Amino acid sequence: MGSPKMEILEDGGSYQPLHHGGDDSRLNQLGYKQELRRSLSAISNFSVTFSIISVLTGLNTTYSMGLTYGGPLTMVYGWPIVGAMTLVVGLSMAEICSAYPTSGGLYFWSAKLAGARWGPFASWLTGWFNIVGQWAVTASVDYSLAQMIQVIILLSTGGKNGGGYEASKYLVIAFHGGILLLHAFINSLPISWLSFIGQLAAAWNIVGVFVLMILIPSVATERASAKFVFTHFNTDNEKGIGSTIYIFVLGLLMSQYTLTGYDASAHMTEETKNADTNGPKGIISSIGISIIVGFGYILGITFAVTNIPSLLDENNDAGGYAIAEIYYQAFKSRYGSGVGGIVCLGVVAVAIFFCGMSSVTSNSRMAYAFSRDGAMPFSSLWHKVNKHEVPINAVWLSVFISFCMALTSLGSIVAFNAMVSIATIGLYIAYALPIFFRITLARKSFVPGPFNLGRYGVVVGWTAVIWVAVISVLFSLPVAYPVTIKTLNYTPVAVGGLFILTVSSWVLRARHWFKGPITNIEA
């Protein structure tokens, strides 16, 4: 059999299959020396990303939104729609990841695909949307865990109607800070430890989903009919919205918020063996398996839903936290005590903890890579690695910024929600940018890696870009009428503000010194 052909890259370099030179050789071709410990298997790479997507985290923390906007019909049919389109975005990202397996991920891809003229600006824009979006994800996930702990305490002390203890917003933010500290300490451990914990997290998510989706409806004394689960459309949202299409669209945010964060597989490629195949596999498999187990979970839990207004009522035992009320009442109705439901909430809380932990892992690798190319203030500090080859300073930076983002909740929950909106729309814009450059500026020059979509690459890419453009508009629409300061959807304000800051910093300063990814290999 003949030797694999060496291909010429757009920048004049050459792409050589990894089995000829190995992962380190390919990384050298891309301009970087190996600094992180490369020990992650395909399973380990998948585990980190699957734990970040975490259907137990996303679906449980946004289930109230799904019930409010459309209810069962929106969730049951919206999930596979969003899942299919997310898989399209993931396939396009996986193809690019195979060609450029570096920790920089998206911003590195944009730099190479946009060409010499536009590469630096494309890299700058993509990088900042990516890293701020990631920080927002960590802030959102760990704040959700803090709220979950608050609800568990409330139910454990008697519930809202039984004199239960309701934690103040200051105690919630203290929980948030403590959780972040734990995540920082865990992420300071060697990558071999993180690999083990990541696989444990993936197993916990899969087993947890199947246990809860069977247990909760089985324990509940009242169950919804199949007709209710598959056909009921809730229009009683008290949000002043009557249009069924509008309601359905807003309900999709539950699914899209959950199915995000899968760029983590790309950010872990410099620590992954056979990165140009295992990185793409991590992206695609984590999305695909999440879609399957997430759909099962939605069906199982929704069969335990019989009274939507009661679940969303702020005066119920869980204080309006729908998923907690479902768990609690399922056990209380059968056994006279909701303790079993509280234990089940503990299972979810552990899954959220693992999600936040893996999110910090991904954040730190992105910060490490972005600072390695000089894009961040005090870059020399953030890309240092310790004796375990862990970017320790980037870990603590990511935790600190995520905590600062959550502090906005003390002043206004509206401001915090605006910040969190960057976690979905801002991050998806970062996903779409390199795909857009791949199907436009680099359409003829793009040299794929071992994983590629062949002749379908451009069609899949355009579908992905159009989907991101559509959801960016739809999820910026008002979520309640009449529109007031409290009901205004601040997503376009937050994302637009990030865009203005990023472009302004480029025009005023960065264009003079940031030239995109720079090699750290001495001649």
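Predicted model: local features only at pLDDT ≥ 70, side-chain atom pairs only at ≥ 80, totals over all residues.
Helix α2, which covers residues 42–53, has 12 residues and reaches 17 Å from its first C-alpha to its last, close to the 16 Å expected at 1.5 Å a residue. The helix is mostly covered, since 10 of its 12 residues are buried; these are Ser44, Asn45, Phe46, Ser47, Val48, Thr49, Phe50, Ser51, Ile52 and Ile53. The buried residues of α2 pack against several helices, among them α3 (55–68), α8 (191–219), α12 (275–302) and α15 (339–372), and α10 (244–258) and α11 (264–267) also belong to this set of packing partners. After α2 comes Ser54, whose phi is positive, near 40°.

The largest nonpolar core holds 164 residues, of which Val89, Trp109, Tyr297, Ile326 and Tyr327 touch the most other members. Helix α6 (residues 115–156) supplies the largest share of this core, with 19 residues. Apart from this core lies another of 5 residues, including Leu180, Ala184, Val395 and Val399. When neighbours within four places in sequence are left aside, Tyr327 is in contact with Asn60, Leu212, Ile216, Tyr297, Ile301, Gly341, Cys344, Leu345 and Val348.

The structure holds 20 aromatic pairs. In one of them, the ring centres of Trp204 and Phe354 lie 6.5 Å apart with their planes at 75°, and the pair is therefore edge-to-face, the angle being over 60 degrees. Because Trp204 belongs to helix α8 and Phe354 to helix α15, this pair ties together parts that are 150 residues apart in sequence. Elsewhere among the aromatic residues, ring pairs link Tyr107, Phe121, Trp124, Trp128, Phe370, Trp506, Trp513 and Phe514 into a cluster.

Helix α15 also contains Ser364, a residue that is buried, with a relative accessible area of 0%. The side chain of Ser364 reaches the backbone oxygen of Thr361 at 2.8 Å. Leaving aside neighbours within four places in sequence, Ser364 is in contact with Pro391, Ala394, Val395 and Ser398; of these contacts, Val395 is also one of the residues in the core of 5 residues described above.

Methods
Residues numbered from 1 in each chain as written. Heavy atoms only, no water. Helix = DSSP H or I, 4+ residues; strand = E, 2+ residues; numbered from the N terminus. Expected span 1.5 Å × (residues − 1). Buried < 20%, exposed > 50% of the residue type's maximum accessible area, 1.4 Å probe, protein only. Contact = heavy atoms within 4.5 Å. Core = buried A, V, L, I, M, F, W, Y, C linked by side-chain atoms within 4.5 Å. Phe/Tyr/Trp six-rings, centres within 6.5 Å; stacked < 30°, edge-to-face > 60°. Polar contact = N/O pair within 3.5 Å; in protein donor to acceptor, adjacent residues only side chain to side chain.
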